[in-house]
Amino acid sequence: MTDTHENPTANGDTQPPKKQILLNAFDMFTPGHLSPGQWKNPSDRSTTKFESLDYWINLAKLLEKGGINALFLADTYGGYDTYEGSLDECVRRGAQWPVGDPVIPISAMAAVTKNLAFGITASTSFEPPFLLAKRFSTLDHLTKGRIGWNIVTSWKKSAFKAIGLDNPIEHDKRYEQADEYLRVLYKLWNASWTPSAIQLNPSLDTYTDPAQVRQINHAGKYFQLSTPHIVPPSPQRTPFLFQAGTSSAGSEFATTHAEAVFVSSHSPSVLAPKVKKLRELAKEKGRDPASLKVFATFTPIVGRTEEEARAKYEEARKNASVIGGLVLFAGWTGIDISQFKDLDQEISASDSKEKNKILSILDNFTTPSEEVPKWTPRVVAERAAIGGLGPVAVGTAEQVADEMERWIREADIDGFNVAYVTTPGTFEEVVELLVPELRRRGLYPEQEPEGAEAWTAREKVYGRGQRELRGDHVGRKYDWDVYVEEEPYKTEEEGKGEKVEA
């Protein structure tokens, strides 16, 4: 599904293969994801996400029909309370509140689809690695290898308070902890079972050969465990790995562990140097820089005519919750925009007084560009309520496809996390209008023929047969046949003590 297409020219020569665009549908188990307030539109059904599985089943069927790569599900563990120093407006406006568990609907959606993958957001800060390993291995089995994990470290003070901690872990330390977390997972997923461990031998009364199941003993700085993995190897072993963020620590982590990086920016010119840096870091680590796939947020509003698209946009503006958008902006950047009295005062990173924030978003949305020469409260208010400050493309399928091609070309990204304005609405426009146009241009895979073999999440990105991590990924250092148990972690003081005794 990642094949490129050669295009014949008038004289019969072929042009270089076109880069295939990867599309993920971007949703969240909440009525107000990146366009708060749209639940007021009579045709929107986002408020029914909590009522039954119907919303999720219908969405999965639609995305499968359109050949969408994956349903990427955001998540959060606490509300946004930077705006006015209170959670009230977050709750009142439905700005990513309330929020359900994104894992719960996955099995139902997998049961009605064959190729649609699922990217699930889960944090490295709130549960031990063993529990996450068990859950994702189980999901990978039940979906026949269609599971991805969007790795987050979590930063909200409200989320840490919810689990009994007064303050979040410091930013760079979170990534150091997350690095160890991933290495523990690789040990469980890749080093604990051989492919042939399950015997199913009735004559010997043997279900699994214990000689082919290894106990993992890990004694690190942040995590300790002594156990084999409790779930047998799933189709991918390791879920396809997404990660969000382009801060220094985030980029270092992403280029070590992620197979795809989720980014958000209002301009391809602002994003391009960050993508370039990611690919350079990946290359320095011995990875193929082209194998690191970069997805940008993108909100399309597509009409059969330009006038129809513009009418949809005006309807969205009418229903938009401006305050809801400001709540999200304040939470992401740590800038309490409610304190600005002058609507045309320039906003800068120095206005961020909150210690806990997303550094990459703060940088992206206080950096001027041709599209936004100056960030002010007025500009934020106009842009934040629809599309979460990312690009919003309004027009026909041809015009929106042109804009997607521009971002691919100028920022060197590989695809998009397509956010919705209304649901149903946006995703139907993508499947019925935009995908056919991208296919016409040779930029999007054709629909799978009836009876074709199903794809795993990783195969959909890297090609048929690449079910497990690529050979240049750090996780392969923990495969069964090359695994070497590490020495227990020692503090500096413990290390000095050993030298003195020696």
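Isoleucine 413 touches Lys19, Leu271, Val275, Arg279, Val294, Ala296, Trp407 and Ile408, leaving aside residues up to four places away in sequence; touching, or contact, means heavy atoms within 4.5 Å. The model is predicted: local features need pLDDT of at least 70, side-chain atom pairs count only at pLDDT 80 or more, and totals for chains, interfaces and linings use all residues. Residues are numbered from 1 along each chain as its sequence is written, and side-chain values use heavy atoms, with hydrogens and water left out.

Ile413 also belongs to the largest nonpolar core, which has 83 residues. A nonpolar core is a set of buried Ala, Val, Leu, Ile, Met, Phe, Trp, Tyr and Cys residues joined through side-chain atoms within 4.5 Å. Buried means under 20% relative accessible area, exposed over 50%, and partly exposed in between, with a 1.4 Å probe and protein chains only. The residues with the most contacts inside this core are Leu23, Ile68, Trp149, Met404, Ile413, Phe416 and Leu438. Helix α6 gives the most to this core, with 10 residues. Apart from it lies another core, of 38 residues, including Phe26, Phe240, Phe242 and Val461. In soluble globular proteins, nonpolar side chains tend to be buried together.

Next come two helix pairs. Helices here are DSSP runs (H or I, at least four residues), numbered from the N terminus. Helix α4 (residues 129–142) packs against helix α6 (residues 171–191) at about 50°, with the axes 10 Å apart. Because of that angle, α4 is oblique to α6. The crossing of α4 and α6 is right-handed. On the α4 side, the contact is made by Pro129, Phe130, Leu132, Ala133, Phe136 and Ser137, and on the α6 side by Tyr181, Val184, Leu185, Leu188 and Trp189. By class, this contact has 10 nonpolar, one polar and no charged residues.

In the second pair, helix α13 (residues 397–411) and helix α14 (residues 426–440) pack at an angle of about 60°, with axes 9 Å apart. α13 is therefore oblique to α14. Ala397, Glu398, Val400, Ala401 and Met404 of α13 meet Leu433, Leu434, Glu437 and Leu438 of α14. This contact has seven nonpolar, no polar and two charged residues.

Finally, alanine 349 is found in the loop between α10 (322–333) and α11 (359–364). At 39% relative accessibility, alanine 349 counts as partly exposed. Alanine 349 and proline 98 are 251 residues apart in sequence and 29 Å apart in space, C-alpha to C-alpha.

Conventions
Axes fitted to C-alpha atoms, helices over the stretch in contact; angles between N-to-C directions. Parallel < 35°, antiparallel > 145°, perpendicular 65-115°, else oblique. Left-handed = near helix turned anticlockwise from the far one by under 90°. Nonpolar A, V, L, I, M, F, W, Y, C, P; charged D, E, K, R; others polar.
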